[in-house]
Structures are given as C-alpha cells and as structure tokens.
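Please examine the sequence and the structure shown here before reading on.

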Amino acid sequence: MIIYELAVKGRINKAQNISTTDTLNDIPQKLRRKKRAYLPEVSELQAVRHYTQLSQKNFSIDTHFYPLGSCTMKYNPRACNSLAMLPGFLARHPQSDDSLGQGFLACMHELQDMLKEVTGMQAVSLAPMAGAQGEFAGIAMIRAYHDARNDTARNEILIPDAAHGTNPATAVMCGYRVKEIATDKNGDVDFDALKAAVGPQTAGLMLTNPSTLGVFERRIKEIAALVHAAGGLLYYDGANLNAILGKVRPGDMGFDVIHMNLHKTFSTPHGGGGPGSGPVGVNERLLPYLPIPVVGKKGDTYRIFDEHDIPQTMGRLSAFAGNAGILLRAYIYARMLGKEGMVRIAEYSTLNANYLMKMLEQAGFELAFSNRRATHEFIVTLKKQAKELNVTTLDFAKRLLDLGYHAPTTYFPLLVPECLLIEPTETETKDVLDAFVAAMTTIKKEAEQNPDKVTQAPETMPVRRLDEVRAAKQLDLRWPAKENNA
Amino acid sequence: MSTIPSGLKYTQSHEWIELADDDTATIGITDHAQSLLGDLVYVEIPDVGQDVAAAEACAVVESVKAASDIYSPFSGEVLEANEELADTPELINTDPYDAGWIFKVRYHNKADLDELMDADAYAEFAAKEDH
C-alpha cells in the first residue's frame, strides 16, 4: 500500500501545513504552478504509522544478521552519527570561507592522512562520492598518466574473471578494452594466463585482493612485478579491504592506485540508506592527477585545493568536500579505533568468517575452496542440493528470510555454481554465528525431507516468491494519480 | 541432464555452432549454458554487417542471476541476428538450439574451425567443469 491510497480529500494536517505568505517569494508569476501539488491528504498519525510500518518490513543491519558477501554490512556505531551531527558540523555552509571551517577541514585532512597510512599510499582524495566513482577516478588517473607520457598505444585493462562487474564497466567508461583473466582452481589469478595477456597494450590491471572468492591473492608481488615490467599500472579495488585493514597495505603490495569504500570498511551507512563514499589513494606516479577537491595544509591553515593547486587533476568530482557528513562519520570511526583497533577489525572479521566457514562445513555444506583459509568472507556451493534435490541457492536464500536472516550474496561470483558468498563481519557475536549455522542446518534438512518448504519460501514475509522475470521485463514503477486530485 | 545435439560444434565458452556449406555458421548458447544462467530477461544481439573477431565478445545475455558475454567463435562478418530475442529472450531457455539462435556469421578463416569441439568432447568438458 502506498500513502496516496490512504488519502481522503480535505484531510489537511494543520500542524504540518506550510505557511503560504507570499512576501518573500520572488519567483516570477509565469514560473509558478497553477494547480496545487498533488499530495496525499492524511493525518499526522496516519503518516507516522505508514512509514513506521514500512520500516518494520525492512531487513537492515539494525534488525537482522546481514551476511551479504563483499558488501561488509557491519554495525554503524551510534557515536559516529551523534558526533557528526554536532551543530558546528551540521550548520557549516559549504560555501562559507575556509577560515570559518578550520575544524571540519582539519578532520578531513586527518582522515586523508589516516587513510594514506593504513593503505600505504602517498596521497588521498576524498572527492569520489561512491565506490564506482572512485573506480572511475582511479582508471581515469591511469589514463592521464599514460597520456602525459605520450604512451597512448595502451588500450587494454586486464581484469580477473572473479572481479565485481563495476571493474569492466569502469574500464569501458574510461575508453579501454577489457581483457578477462582466468582464475586457477585454487582461486588465485591464473598466473600463466596473466603472463600471456600482459604486453605493450596493457594500460593496467584491476585487482580485488582479497578477491571476491574470499581468498588472498598469494602471488600479488609477482603479479605487480609482471604488470609493472610491461609498463602497466596496478589498480586496487578496495571492496574487501576490511579483511586486511592495518595488517597488509595495498601500497606495499605494489598497487599504484586504490579506492576505498568507506560505507564498507569504515562503517558509514550502507545500502539504501547510504550515501556512499569512495576515496582514492595514489602513489607518487599518480600524484599529479588526483581528483579535486583535496584538503591541503599551508602552515597551520587548512584549505580546499582545486585545479589551481593540482593543475593536472583528472577532474572535479564534487562541488564541495565530497559526501561531507559521511566522511565525518568515517573519520570519527577511524579515530575511535586508532591503529590498534583497525588491526583488530581485520583479525576479528577474518576469525568470524573462518569460524562460520568451519561450522558450516561440519554441518555438511560444501565449500568452494575447502583447502584455503577464508579472508573476511567465503563461499558455500549448493550445487549438490540443486542437482540431487532440485532445491537451489535462490530457494535457500528465500527460506533464510523466513528464519530471520537476510540472505548472503547469491550467484556471485559467477565462477562458482549455486553459490552463497557469506561475510559475517567483525561486529557479530559467536551466538549469532551459531544461530545462523542452526538455521542453515534446518533448511538443509528441510531440503532433504520436505523440499516444498524451501522451494515455496518465503511464507512469513509480506509477499511470497516474486516473479523476477516479470519484474525485470515489465517495469511498473508509477502509481496512477487520480484525476480529481490533480 | 542437458541435451547436446551431435551434429553441432561447441566452444569452451558454451556456444554451439551449426556449420553450413557456404562458409557461414549459426551461433547460439547451449542448453547447459542456459540452464546455468536461469530465466533470461534480455539479449543484446550484434549488428548485421558488423565485423567480429574470434573469441571476442559480440553479444550479451542477461538473466535474473547474471549478465554474460557471448563470444564469436570466428573472425568474420555478421550476416543476420535473431530479432525475435528482443521481445522474447526466453526462446533461448525454451529452445536453445533452434528458435533461440543468436546470430549468423560468414567466417574468414577456416583455421578457426579447428578450435571447436564436437558433441562428445563438449559433453566431457561440461561434465568436468561441473566439478
């Protein structure tokens, strides 16, 4: 039900009514609307109930275990929120003079420094507004680097087949061809395939490490040497940075450019509640091309650097200081953790993933890479259940909703058939992990003894199984407004 | 178990190829491939007259689970593409080897044919990949 369906004509909510005095309105008469806006006429209480009840239908990290692989759905500490909402931050106008926002700029400068240190890069720009924009900035900088050297024959970006779909999309957006590199049977990049693919046409390699297969790329140093020897650069996709935070640094692995997802690793709001934030870090090679704005410091004064300070910049990615409120939350999170705390994030997220992986294996689930230690996530494959019982990963995912769990990532990465990519994160207790294993065990038994229970799921949700084909083919997003109200 | 017609040739990326006598071939994806992808919702076909290179992506199939590239087994020129798939991508699910064909190519290089598998070799390949 949408709120317009609750509306009754004339049910005006006086307390929330806006004043209609015209004195300060300088919009020319011809530009003003002739008819009143069509708004739902409901009481204040109806509006409150409507949206509260909608929110109760949500699965969110505040209500449920949310082990969505490669998404790092962890708790967003309330302290980050309340400190970012201090009046001095909230009331700061983005166009006010730098001299009036020294506190805010100092926080941003410190955040740049902390991100630099924890990733081993030379400089960081907070400008990209989300992970995909961070990727775009990163590859655009690689392009700018080659162009500046007149090395323009390089037209190809190498991407392992385990990568997120955003990687090839980014490369194409930046005018490159994509060459896919196969994965070997242990989940590492197929080194021989990479060797065969690298050449004078290689502009760079985009790599996620740990990969989306939930394993650490063991030959990363050799890979970096190989790509660099051919004149290409290395791009680090920070999707899975949580697993190695403070333990290993992408800069030390040989990466030239990296993006981070603050909404994952640094625990700012994620998913529908975003917005995201995708800062980029670079080493010395790419320093001149950093996206603007960047917060700089001259003497004791902080100020926003723009194209005058960074003339070769790949471009401006945000009008003001990126997603400022989100950056503040990440800053506070990083300050609360400190250096030691960041290391514990890597340790506990990895410990939780390995514990959950072993427990599920003991419960009879098949692991995609049983001979590998998990990073912060791991893959279970249900191909046996799909083949023998006709109960698929999608069925398991839907049944998990009935049992009170948001499903893990399904059918990604594409390399592993019928897979669940499971990421518990460091913020869950052992009790929660044990309860999840119990739920998975219950579903496994149901699939064997009473498969309809699983294939017909969900049964307790507001809607039953949705027709995904129809949803994809016949988009119907508009609620028809009734004439008499218009 | 998926069907693998014996008269066709196959690739490791799960395309089937029906060779005609006049250096042309019809290409689609195998029953095994469509069953892995699940219900298709969108197909992007190549342009008629477009030049394609061997092992290069020239079409896309998208299902509720994933989007996947279709590779041309040959270098050559696209002669025809299955326009029906725009409105009814599910033809690939229901009839992968006939009504679900994707495009036709005139190939330039006969040597490209040496890379293809016959039905037995593909059956073995698909079974191995399953493990």
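The buried residues of helix 6 of chain A pack against helix 5 (131-148), strand 2 (156-160), strand 3 (177-181), strand 4 (202-208) and strand 5 (233-238) of chain A. Helices (H or I, at least four residues) and strands (E, at least two) are DSSP runs, numbered from the N terminus. Two residues are in contact if their C-beta atoms, placed from the backbone, lie within 7 Å.

## Basis of the model

This is a predicted model, in which local features need pLDDT of at least 70 and side-chain atom pairs count only at pLDDT 80 or more, while totals for chains, interfaces and linings use all residues. Residues are numbered from 1 along each chain as its sequence is written, and chains are lettered from A and ligands numbered from 1 in the order in which they are written.

## The buried face of helix 6

Helix 6 of chain A covers residues 166-173, and its buried residues are Asn167(A), Pro168(A), Thr170(A) and Ala171(A). Seen down the helix axis, these buried residues fall within an arc of 155 degrees, so they line one face of helix 6 of chain A. The arc is that of the directions from the helix axis to the C-beta atoms. A residue is buried if 20 or more other C-beta atoms lie within 10 Å of its own, exposed if 12 or fewer, and partly exposed in between; C-beta atoms are placed from the backbone. After helix 6 of chain A comes Gly175(A), with a positive phi near 85 degrees.

## Helix 5 against helix 6

Two packed helices are described by the angle between their axes and the distance between the axes. For helix 5 and helix 6 of chain A, the angle is about 45 degrees and the axes are 9 Å apart. Axes are lines fitted to C-alpha atoms, for helices over the stretch in contact, and angles run from 0 to 180 degrees between N-to-C directions. Helix 5 and helix 6 of chain A are therefore oblique to each other; angles under 35 degrees count as roughly parallel, over 145 as roughly antiparallel, 65 to 115 as roughly perpendicular and the rest as oblique.

On the side of helix 5 of chain A, the contact involves Ala132(A), Glu135(A), Phe136(A) and Ile139(A), which meet Thr166(A), Asn167(A), Thr170(A), Ala171(A) and Met173(A) in helix 6 of chain A. By class, this contact of helix 5 with helix 6 of chain A has 5 nonpolar, 3 polar and 1 charged residues. Ala, Val, Leu, Ile, Met, Phe, Trp, Tyr, Cys and Pro count as nonpolar, Asp, Glu, Lys and Arg as charged, and the others, Gly among them, as polar.

## Helix 4 against helix 10

Helix 4 (residues 102-119) and helix 10 (residues 324-362) of chain A also pack at an angle of about 45 degrees, with axes 10 Å apart. This makes helix 4 of chain A oblique to helix 10 of chain A. Among the residues in this contact are Cys107(A) and Leu111(A) of helix 4 and Leu327(A) and Tyr331(A) of helix 10 of chain A. The residues of the contact between helix 4 and helix 10 of chain A divide into 11 nonpolar, no polar and 1 charged.

## Features in the loops

Pro210(A) lies in the loop between strand 4 and helix 8 (220-229) of chain A, and the peptide bond to Pro210(A) from Asn209(A) is cis, with omega near 0 degrees. Thr72(A), in the loop between helix 1 (44-56) and helix 2 (78-84) of chain A, has a positive phi of about 50 degrees although it is not a glycine. Thr72(A) is buried, with 26 other C-beta atoms within 10 Å.
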